Amino acid sequence: MSDLAVFDQYESEVRGYIRSFPVVFERAQGSVLTAEDGREYLDFFSGAGVVNYGHNNPAFTRALVEYLQSGGIIHGLDMATSAKRDFIEAFQRLVLAPRGLDYKIQFTGPTGANAVESALKLARQATGRHNVVAFTNGFHGLSLGALAATGNEKYRAAGGVSLGDVARLPYDGYLGDDVDTLDLLERMLDDPGSGLDLPAAVIVETIQGEGGINVARAKWLRRLRAITEERGILLIVDDIQSGVGRSGAFFSFEQAGIVPDLVTVSKSISASGLPMAILLMRPEIDVWKPGAHTGTFRGNNLAFVSARVALETYWADTAFTDAIAERETQLRAALERIAEEFPAAGFTVRGRGLMYGLASPSRPQLAGAVSQEAFARGVVIETSGARDEVLKFLPALTITAEELDRGIARVREALAAALAA
(Lines give C-alpha, C1' and ligand atoms only; values in the text may rest on other atoms or scores of the structure.)
Protein backbone atom coordinates (compact mmCIF):
# COMPACT_ATOMS: atom_id res chain seq x y z
CA MET A 1 0.00 0.00 0.00
CA SER A 2 1.01 3.62 -0.49
CA ASP A 3 2.04 5.68 2.53
CA LEU A 4 -1.51 6.80 3.36
CA ALA A 5 -3.57 4.01 1.77
CA VAL A 6 -3.94 2.02 4.99
CA PHE A 7 -5.48 5.03 6.71
CA ASP A 8 -7.83 5.68 3.79
CA GLN A 9 -8.94 2.07 3.72
CA TYR A 10 -9.27 1.22 7.39
CA GLU A 11 -9.54 4.40 9.46
CA SER A 12 -12.86 6.19 9.99
CA GLU A 13 -13.87 9.13 7.82
CA VAL A 14 -13.89 11.22 11.01
CA ARG A 15 -10.14 11.73 10.78
CA GLY A 16 -9.28 15.38 10.32
CA TYR A 17 -5.69 16.61 10.63
CA ILE A 18 -4.35 13.84 8.40
CA ARG A 19 -6.24 15.51 5.55
CA SER A 20 -4.48 18.83 6.15
CA PHE A 21 -1.05 17.28 6.70
CA PRO A 22 -1.00 14.17 4.45
CA VAL A 23 2.32 12.54 5.30
CA VAL A 24 3.31 9.76 7.69
CA PHE A 25 5.23 11.31 10.57
CA GLU A 26 7.80 9.10 12.26
CA ARG A 27 9.91 11.14 14.69
CA ALA A 28 9.88 14.48 16.46
CA GLN A 29 12.30 16.55 18.48
CA GLY A 30 11.75 20.02 19.88
CA SER A 31 10.01 22.07 17.17
CA VAL A 32 10.75 19.66 14.32
CA LEU A 33 8.58 16.83 13.00
CA THR A 34 10.22 14.28 10.69
CA ALA A 35 8.28 12.23 8.15
CA GLU A 36 9.07 8.66 7.10
CA ASP A 37 10.76 9.94 3.97
CA GLY A 38 13.13 12.04 6.08
CA ARG A 39 11.62 15.42 5.30
CA GLU A 40 11.55 17.81 8.25
CA TYR A 41 8.69 20.14 9.16
CA LEU A 42 8.75 23.05 11.57
CA ASP A 43 5.86 22.62 13.98
CA PHE A 44 3.69 25.71 14.50
CA PHE A 45 0.83 23.48 15.70
CA SER A 46 2.24 21.78 18.82
CA GLY A 47 -0.41 19.07 18.82
CA ALA A 48 -3.15 21.73 19.16
CA GLY A 49 -1.35 23.00 22.24
CA VAL A 50 -0.41 19.65 23.79
CA VAL A 51 3.38 19.87 23.50
CA ASN A 52 4.08 23.36 24.81
CA TYR A 53 7.57 22.27 25.86
CA GLY A 54 8.39 20.77 22.46
CA HIS A 55 8.42 17.18 21.24
CA ASN A 56 10.38 14.57 23.20
CA ASN A 57 11.83 17.08 25.61
CA PRO A 58 14.92 15.25 26.95
CA ALA A 59 14.21 16.22 30.57
CA PHE A 60 10.87 14.42 30.41
CA THR A 61 12.10 11.49 28.32
CA ARG A 62 14.83 10.68 30.83
CA ALA A 63 12.39 10.80 33.74
CA LEU A 64 9.86 8.58 31.95
CA VAL A 65 12.46 5.98 30.97
CA GLU A 66 13.84 5.88 34.51
CA TYR A 67 10.34 5.49 35.95
CA LEU A 68 9.49 2.65 33.57
CA GLN A 69 12.75 0.86 34.27
CA SER A 70 12.15 1.18 38.03
CA GLY A 71 8.86 -0.71 37.75
CA GLY A 72 6.77 2.29 38.78
CA ILE A 73 2.97 2.12 38.76
CA ILE A 74 1.55 3.06 35.36
CA HIS A 75 -2.20 2.63 35.83
CA GLY A 76 -3.54 3.61 39.23
CA LEU A 77 -7.20 4.69 38.93
CA ASP A 78 -7.54 7.13 41.85
CA MET A 79 -5.44 5.12 44.26
CA ALA A 80 -2.56 6.76 46.08
CA THR A 81 0.76 6.47 44.27
CA SER A 82 4.10 8.10 44.82
CA ALA A 83 4.01 9.61 41.32
CA LYS A 84 0.67 11.30 41.99
CA ARG A 85 1.77 12.53 45.41
CA ASP A 86 4.96 14.01 43.96
CA PHE A 87 2.99 15.83 41.25
CA ILE A 88 0.46 17.23 43.75
CA GLU A 89 3.24 18.51 46.01
CA ALA A 90 5.10 20.09 43.08
CA PHE A 91 1.93 21.70 41.73
CA GLN A 92 1.11 23.14 45.13
CA ARG A 93 4.66 24.39 45.73
CA LEU A 94 5.48 25.77 42.28
CA VAL A 95 2.12 26.83 40.84
CA LEU A 96 -0.60 27.38 43.43
CA ALA A 97 1.28 28.74 46.43
CA PRO A 98 3.31 31.39 44.55
CA ARG A 99 0.07 32.73 43.06
CA GLY A 100 -1.86 32.66 46.33
CA LEU A 101 -4.38 30.19 44.92
CA ASP A 102 -6.29 27.84 47.22
CA TYR A 103 -7.59 25.04 45.01
CA LYS A 104 -8.23 21.35 45.46
CA ILE A 105 -7.29 19.11 42.53
CA GLN A 106 -9.55 16.56 40.87
CA PHE A 107 -7.98 14.07 38.49
CA THR A 108 -10.70 13.63 35.90
CA GLY A 109 -10.64 11.35 32.89
CA PRO A 110 -7.66 12.04 30.62
CA THR A 111 -9.20 14.55 28.20
CA GLY A 112 -9.97 18.24 28.38
CA ALA A 113 -13.61 17.53 27.57
CA ASN A 114 -13.79 15.31 30.64
CA ALA A 115 -12.45 18.12 32.81
CA VAL A 116 -15.15 20.40 31.41
CA GLU A 117 -17.83 17.77 32.04
CA SER A 118 -16.60 17.51 35.64
CA ALA A 119 -16.67 21.27 36.10
CA LEU A 120 -20.22 21.60 34.76
CA LYS A 121 -21.51 18.70 36.84
CA LEU A 122 -19.87 19.97 40.00
CA ALA A 123 -21.13 23.54 39.48
CA ARG A 124 -24.66 22.24 39.10
CA GLN A 125 -24.36 20.09 42.21
CA ALA A 126 -22.81 22.86 44.30
CA THR A 127 -25.43 25.47 43.39
CA GLY A 128 -28.50 23.30 42.88
CA ARG A 129 -29.12 25.11 39.57
CA HIS A 130 -28.94 23.70 36.04
CA ASN A 131 -28.42 26.59 33.64
CA VAL A 132 -24.95 27.56 32.38
CA VAL A 133 -23.89 30.64 30.42
CA ALA A 134 -21.33 30.17 27.64
CA PHE A 135 -20.10 32.54 24.95
CA THR A 136 -20.16 32.87 21.20
CA ASN A 137 -17.28 31.04 19.47
CA GLY A 138 -16.40 29.16 22.65
CA PHE A 139 -14.97 25.66 22.35
CA HIS A 140 -15.14 23.37 25.37
CA GLY A 141 -15.10 19.84 23.97
CA LEU A 142 -17.25 17.42 22.02
CA SER A 143 -18.82 15.14 24.64
CA LEU A 144 -22.45 16.15 25.10
CA GLY A 145 -22.21 18.36 28.19
CA ALA A 146 -19.14 20.17 26.89
CA LEU A 147 -20.63 20.27 23.38
CA ALA A 148 -23.68 22.10 24.69
CA ALA A 149 -21.32 24.90 25.75
CA THR A 150 -19.43 24.85 22.42
CA GLY A 151 -20.48 27.34 19.76
CA ASN A 152 -19.29 25.96 16.42
CA GLU A 153 -22.18 24.79 14.23
CA LYS A 154 -20.20 21.92 12.66
CA TYR A 155 -19.44 20.33 16.01
CA ARG A 156 -22.91 20.94 17.46
CA ALA A 157 -24.62 19.37 14.46
CA ALA A 158 -22.60 16.17 14.94
CA GLY A 159 -24.06 15.69 18.43
CA GLY A 160 -27.27 14.20 17.07
CA VAL A 161 -29.38 15.29 20.04
CA SER A 162 -30.71 18.54 21.46
CA LEU A 163 -28.13 20.40 23.53
CA GLY A 164 -29.81 22.13 26.42
CA ASP A 165 -29.27 23.95 29.71
CA VAL A 166 -26.76 26.40 28.19
CA ALA A 167 -27.52 30.03 27.30
CA ARG A 168 -25.24 31.67 24.71
CA LEU A 169 -24.19 35.29 25.09
CA PRO A 170 -21.73 37.47 23.12
CA TYR A 171 -18.03 37.24 23.94
CA ASP A 172 -15.87 40.31 24.37
CA GLY A 173 -15.53 42.09 21.01
CA TYR A 174 -18.30 40.09 19.33
CA LEU A 175 -20.30 43.27 18.68
CA GLY A 176 -17.27 45.48 18.09
CA ASP A 177 -14.61 47.00 20.30
CA ASP A 178 -16.87 49.85 21.42
CA VAL A 179 -19.54 47.55 22.91
CA ASP A 180 -19.21 45.97 26.35
CA THR A 181 -21.15 42.76 25.85
CA LEU A 182 -21.43 42.26 29.60
CA ASP A 183 -24.07 45.00 29.65
CA LEU A 184 -26.40 42.43 28.12
CA LEU A 185 -25.47 39.70 30.61
CA GLU A 186 -25.92 41.98 33.60
CA ARG A 187 -29.23 43.35 32.31
CA MET A 188 -30.60 39.87 31.63
CA LEU A 189 -29.54 38.55 35.02
CA ASP A 190 -31.26 41.44 36.78
CA ASP A 191 -34.44 41.39 34.67
CA PRO A 192 -36.93 38.71 35.82
CA GLY A 193 -38.55 38.93 32.40
CA SER A 194 -35.39 38.20 30.40
CA GLY A 195 -35.91 34.45 30.29
CA LEU A 196 -32.37 33.82 31.51
CA ASP A 197 -32.55 31.52 34.52
CA LEU A 198 -29.95 32.28 37.20
CA PRO A 199 -27.01 30.16 36.07
CA ALA A 200 -25.07 27.64 38.10
CA ALA A 201 -21.96 28.82 36.28
CA VAL A 202 -20.47 30.90 33.53
CA ILE A 203 -17.79 29.13 31.48
CA VAL A 204 -15.26 31.20 29.53
CA GLU A 205 -11.94 30.97 27.71
CA THR A 206 -9.84 34.07 28.31
CA ILE A 207 -8.35 33.43 24.86
CA GLN A 208 -10.58 31.54 22.46
CA GLY A 209 -8.32 29.18 20.53
CA GLU A 210 -10.58 27.17 18.24
CA GLY A 211 -12.94 30.14 18.07
CA GLY A 212 -10.40 32.29 16.23
CA ILE A 213 -7.78 33.57 18.72
CA ASN A 214 -10.20 36.02 20.30
CA VAL A 215 -8.60 37.64 23.36
CA ALA A 216 -10.83 38.92 26.15
CA ARG A 217 -9.72 42.22 27.62
CA ALA A 218 -8.56 42.19 31.24
CA LYS A 219 -11.19 44.83 32.09
CA TRP A 220 -13.94 42.64 30.62
CA LEU A 221 -12.77 39.59 32.58
CA ARG A 222 -12.63 41.57 35.83
CA ARG A 223 -16.18 42.77 35.27
CA LEU A 224 -17.33 39.21 34.47
CA ARG A 225 -15.77 38.03 37.74
CA ALA A 226 -17.55 40.81 39.65
CA ILE A 227 -20.92 40.05 38.03
CA THR A 228 -20.72 36.35 38.85
CA GLU A 229 -19.38 36.88 42.36
CA GLU A 230 -22.13 39.36 43.28
CA ARG A 231 -24.83 36.89 42.22
CA GLY A 232 -23.42 33.63 43.56
CA ILE A 233 -22.66 32.29 40.06
CA LEU A 234 -19.59 30.09 39.76
CA LEU A 235 -16.98 31.20 37.24
CA ILE A 236 -15.29 28.41 35.26
CA VAL A 237 -12.19 29.35 33.27
CA ASP A 238 -11.43 26.83 30.54
CA ASP A 239 -7.62 26.97 30.41
CA ILE A 240 -7.20 23.77 28.42
CA GLN A 241 -5.49 25.36 25.39
CA SER A 242 -4.42 28.76 26.72
CA GLY A 243 -2.96 27.51 30.02
CA VAL A 244 0.37 26.00 31.07
CA GLY A 245 2.37 28.96 29.80
CA ARG A 246 0.69 29.38 26.42
CA SER A 247 -0.62 32.87 27.32
CA GLY A 248 2.73 33.95 28.76
CA ALA A 249 1.85 32.99 32.35
CA PHE A 250 1.01 29.59 33.78
CA PHE A 251 -2.72 30.44 33.90
CA SER A 252 -4.26 32.65 31.23
CA PHE A 253 -6.37 34.52 33.79
CA GLU A 254 -3.38 35.81 35.75
CA GLN A 255 -3.04 38.93 33.58
CA ALA A 256 -6.54 40.04 34.55
CA GLY A 257 -5.89 39.50 38.26
CA ILE A 258 -8.99 37.37 38.78
CA VAL A 259 -9.51 34.14 40.69
CA PRO A 260 -12.02 31.74 39.09
CA ASP A 261 -14.03 29.27 41.16
CA LEU A 262 -13.10 26.36 38.90
CA VAL A 263 -10.34 25.92 36.30
CA THR A 264 -10.06 23.18 33.71
CA VAL A 265 -6.50 22.21 32.71
CA SER A 266 -5.38 19.58 30.21
CA LYS A 267 -3.39 19.41 26.94
CA SER A 268 0.11 20.47 28.08
CA ILE A 269 -0.27 19.74 31.79
CA SER A 270 1.43 16.35 31.32
CA ALA A 271 4.18 18.15 29.37
CA SER A 272 5.12 15.01 27.42
CA GLY A 273 1.97 14.59 25.34
CA LEU A 274 0.59 11.84 27.56
CA PRO A 275 -3.14 12.10 28.34
CA MET A 276 -3.91 14.01 31.54
CA ALA A 277 -6.53 16.47 32.75
CA ILE A 278 -7.32 18.12 36.06
CA LEU A 279 -10.06 20.26 37.52
CA LEU A 280 -9.13 22.88 40.08
CA MET A 281 -11.84 23.98 42.51
CA ARG A 282 -12.20 26.17 45.54
CA PRO A 283 -12.39 23.80 48.55
CA GLU A 284 -15.93 24.79 49.52
CA ILE A 285 -17.20 23.79 46.06
CA ASP A 286 -15.91 20.23 46.45
CA VAL A 287 -19.28 18.64 47.17
CA TRP A 288 -18.60 15.41 45.27
CA LYS A 289 -19.63 12.15 46.86
CA PRO A 290 -16.90 9.47 46.60
CA GLY A 291 -16.95 7.93 43.13
CA ALA A 292 -19.54 10.38 41.77
CA HIS A 293 -17.32 11.14 38.79
CA THR A 294 -14.85 8.43 37.81
CA GLY A 295 -12.76 7.34 34.87
CA THR A 296 -10.63 4.29 34.23
CA PHE A 297 -7.65 6.35 33.07
CA ARG A 298 -7.75 9.20 35.58
CA GLY A 299 -4.59 7.80 37.18
CA ASN A 300 -2.03 8.02 34.36
CA ASN A 301 1.11 7.89 36.48
CA LEU A 302 3.49 8.34 33.56
CA ALA A 303 1.79 11.68 32.92
CA PHE A 304 2.21 12.61 36.59
CA VAL A 305 5.94 11.94 36.29
CA SER A 306 6.52 14.16 33.24
CA ALA A 307 4.16 16.83 34.61
CA ARG A 308 6.16 17.06 37.83
CA VAL A 309 9.47 17.26 36.00
CA ALA A 310 8.11 20.05 33.79
CA LEU A 311 7.08 22.08 36.83
CA GLU A 312 10.45 21.60 38.48
CA THR A 313 12.35 22.37 35.27
CA TYR A 314 10.43 25.38 33.96
CA TRP A 315 8.38 26.93 36.77
CA ALA A 316 10.79 27.29 39.69
CA ASP A 317 11.72 30.84 38.59
CA THR A 318 10.79 33.42 35.93
CA ALA A 319 13.36 32.45 33.29
CA PHE A 320 10.82 30.48 31.25
CA THR A 321 8.14 33.19 31.19
CA ASP A 322 10.82 35.77 30.37
CA ALA A 323 11.80 33.68 27.34
CA ILE A 324 8.17 33.35 26.25
CA ALA A 325 7.83 37.15 26.41
CA GLU A 326 10.85 37.53 24.13
CA ARG A 327 9.45 35.11 21.57
CA GLU A 328 6.04 36.83 21.76
CA THR A 329 7.61 40.18 20.91
CA GLN A 330 9.38 38.56 17.97
CA LEU A 331 6.23 36.79 16.72
CA ARG A 332 3.88 39.75 17.06
CA ALA A 333 6.27 42.12 15.29
CA ALA A 334 6.70 39.66 12.42
CA LEU A 335 2.95 39.15 12.02
CA GLU A 336 2.29 42.87 12.06
CA ARG A 337 4.88 43.29 9.29
CA ILE A 338 3.16 40.59 7.24
CA ALA A 339 -0.25 42.24 7.72
CA GLU A 340 1.21 45.57 6.59
CA GLU A 341 3.05 44.05 3.63
CA PHE A 342 -0.06 42.26 2.27
CA PRO A 343 -2.97 44.72 2.66
CA ALA A 344 -5.04 42.73 0.15
CA ALA A 345 -5.32 39.93 2.71
CA GLY A 346 -7.17 42.20 5.16
CA PHE A 347 -5.30 40.66 8.09
CA THR A 348 -5.67 41.64 11.69
CA VAL A 349 -3.23 40.33 14.28
CA ARG A 350 -4.70 38.71 17.39
CA GLY A 351 -3.21 36.96 20.36
CA ARG A 352 -1.17 36.89 23.53
CA GLY A 353 1.84 34.91 24.68
CA LEU A 354 2.62 32.36 21.97
CA MET A 355 -0.99 31.96 20.87
CA TYR A 356 -1.50 34.20 17.84
CA GLY A 357 -3.60 34.45 14.74
CA LEU A 358 -3.65 36.25 11.41
CA ALA A 359 -7.37 36.78 10.83
CA SER A 360 -8.86 37.54 7.42
CA PRO A 361 -12.65 37.83 7.88
CA SER A 362 -13.07 39.35 4.41
CA ARG A 363 -11.28 36.41 2.75
CA PRO A 364 -12.15 33.37 4.88
CA GLN A 365 -10.65 30.86 2.42
CA LEU A 366 -7.21 32.46 2.55
CA ALA A 367 -6.02 30.96 5.84
CA GLY A 368 -6.64 27.43 4.62
CA ALA A 369 -4.82 28.12 1.37
CA VAL A 370 -1.84 29.55 3.28
CA SER A 371 -1.82 26.51 5.57
CA GLN A 372 -1.57 24.20 2.55
CA GLU A 373 1.17 26.28 0.92
CA ALA A 374 3.06 26.43 4.21
CA PHE A 375 2.92 22.66 4.57
CA ALA A 376 4.40 22.30 1.09
CA ARG A 377 7.25 24.49 2.37
CA GLY A 378 7.82 22.43 5.51
CA VAL A 379 5.66 24.15 8.14
CA VAL A 380 2.75 22.56 10.00
CA ILE A 381 0.23 25.28 10.87
CA GLU A 382 -3.53 25.03 11.31
CA THR A 383 -6.53 27.34 11.03
CA SER A 384 -9.27 28.28 13.45
CA GLY A 385 -12.43 30.37 13.67
CA ALA A 386 -16.03 29.63 12.73
CA ARG A 387 -15.12 29.84 9.03
CA ASP A 388 -11.48 28.75 9.41
CA GLU A 389 -10.59 32.34 8.62
CA VAL A 390 -7.68 32.58 11.08
CA LEU A 391 -4.16 31.27 10.49
CA LYS A 392 -3.24 30.02 13.96
CA PHE A 393 0.28 30.17 15.37
CA LEU A 394 0.95 27.75 18.25
CA PRO A 395 4.71 27.19 18.24
CA ALA A 396 6.37 25.36 21.12
CA LEU A 397 7.12 27.68 24.03
CA THR A 398 10.70 26.40 23.81
CA ILE A 399 11.16 27.32 20.13
CA THR A 400 14.39 29.11 19.31
CA ALA A 401 14.48 32.59 17.81
CA GLU A 402 16.06 31.16 14.65
CA GLU A 403 13.38 28.48 14.24
CA LEU A 404 10.61 31.03 14.76
CA ASP A 405 12.09 33.38 12.16
CA ARG A 406 12.62 30.53 9.70
CA GLY A 407 9.05 29.30 10.08
CA ILE A 408 7.56 32.78 9.75
CA ALA A 409 9.59 33.37 6.59
CA ARG A 410 8.11 30.21 5.08
CA VAL A 411 4.60 31.26 6.07
CA ARG A 412 5.19 34.62 4.40
CA GLU A 413 6.27 32.82 1.21
CA ALA A 414 3.17 30.64 1.45
CA LEU A 415 0.95 33.72 1.78
CA ALA A 416 2.51 35.32 -1.27
CA ALA A 417 1.90 32.11 -3.24
CA ALA A 418 -1.71 31.82 -2.05
CA LEU A 419 -2.45 35.42 -3.01
CA ALA A 420 -0.87 34.93 -6.43
CA ALA A 421 -2.84 31.78 -7.19
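Visitor: Is Arg-15 buried or exposed?
Guide: This is a predicted model. In it, Arg-15 has 10% relative accessibility and so counts as buried, because buried means under 20%.

Visitor: Where does Arg-15 sit?
Guide: Arg-15 is in the loop between helix H1 (5-10) and helix H2 (17-20).

Visitor: Which residues does Arg-15 touch, leaving out those up to four places away in sequence?
Guide: Phe-7 and Asp-8.

Visitor: And what lies 2.9 Å from a polar atom of the Arg-15 side chain?
Guide: That is the backbone oxygen of Ser-12.

Visitor: Switching to sheets. What is the strand order in the open sheet of four strands?
Guide: The order is E1-E2-E3-E15, and the pairing is mixed.

Visitor: Which strands stand at the edges there?
Guide: Strand E1 (25-29) and strand E15 (379-380) do. Each has a single partner strand, so one side of each has no neighbour in the sheet.

Visitor: How many bridges join E3 to E15?
Guide: Two, and the strands run parallel; E3 covers residues 40-43. Leu-42 has Val-379 in E15 as its bridge partner.

Visitor: What about the hairpin of E1 and E2, which residue takes a positive phi?
Guide: Gly-30 does, near 60 degrees, in a hairpin that has two residues between the strands.

Visitor: Which glycine takes a positive phi just after H13?
Guide: Gly-378, at about 90 degrees.

Visitor: Which residues of helix H13 are buried?
Guide: H13 runs over residues 366-376, and its buried residues are Leu-366, Ala-367, Val-370, Ser-371, Ala-374 and Phe-375. As background, an α-helix has 3.6 residues a turn, so residues three or four places apart point the same way.

Visitor: Another helix, then. Where is Ala-218, and is it buried or exposed?
Guide: Ala-218 is in helix H10, residues 218-230. At 19% relative accessibility Ala-218 counts as buried, because the cut-off is under 20%.

Visitor: What separates the C-alpha atoms of Ala-218 and Asp-405?
Guide: They are separated by 29 Å, and the two residues are 187 residues apart along the chain.

Visitor: Back to strands. Which residues of E5 are buried on each side?
Guide: E5 is residues 132-135, and both faces are covered. Val-132 and Ala-134 are buried on one side, Val-133 and Phe-135 on the other.

Visitor: How many bridges does E5 make with E6?
Guide: Four, in the parallel sense, with E6 at residues 166-169. E5 also pairs in the parallel sense with E7 (residues 201-204), over two bridges.

Visitor: What does Val-133 stand opposite in E7?
Guide: Val-202. In E6, the bridge partner of Val-133 is Ala-167.

Visitor: Last topic, cavities. How many of 30 Å³ or more are there?
Guide: A search of the whole structure finds one. The largest cavity holds about 40 Å³ of space.

Visitor: What lines the largest cavity?
Guide: The lining consists of Phe-107, Thr-108, Gly-109, Pro-110, Pro-275, Met-276, Ala-277, Phe-297, Arg-298, Gly-299, Asn-300 and Phe-304.

Visitor: And how many of those are nonpolar, polar and charged?
Guide: The lining of the largest cavity has seven nonpolar, four polar and one charged residues.

Definitions and conventions
Residues numbered from 1 in each chain as written. Predicted model: local features only at pLDDT ≥ 70, side-chain atom pairs only at ≥ 80, totals over all residues. Heavy atoms only, no water. Buried < 20%, exposed > 50% of the residue type's maximum accessible area, 1.4 Å probe, protein only. Polar contact = N/O pair within 3.5 Å; in protein donor to acceptor, adjacent residues only side chain to side chain. Contact = heavy atoms within 4.5 Å. Pairing = 2+ DSSP bridges. 1 Å grid on protein atoms, 1.4 Å probe; cavity = no way out; pocket = protein on both sides within 12 Å on 5 of 7 lines; lining within 4 Å. Points joined across faces, edges and corners; volume = space filled by probe spheres on them. Nonpolar A, V, L, I, M, F, W, Y, C, P; charged D, E, K, R; others polar.
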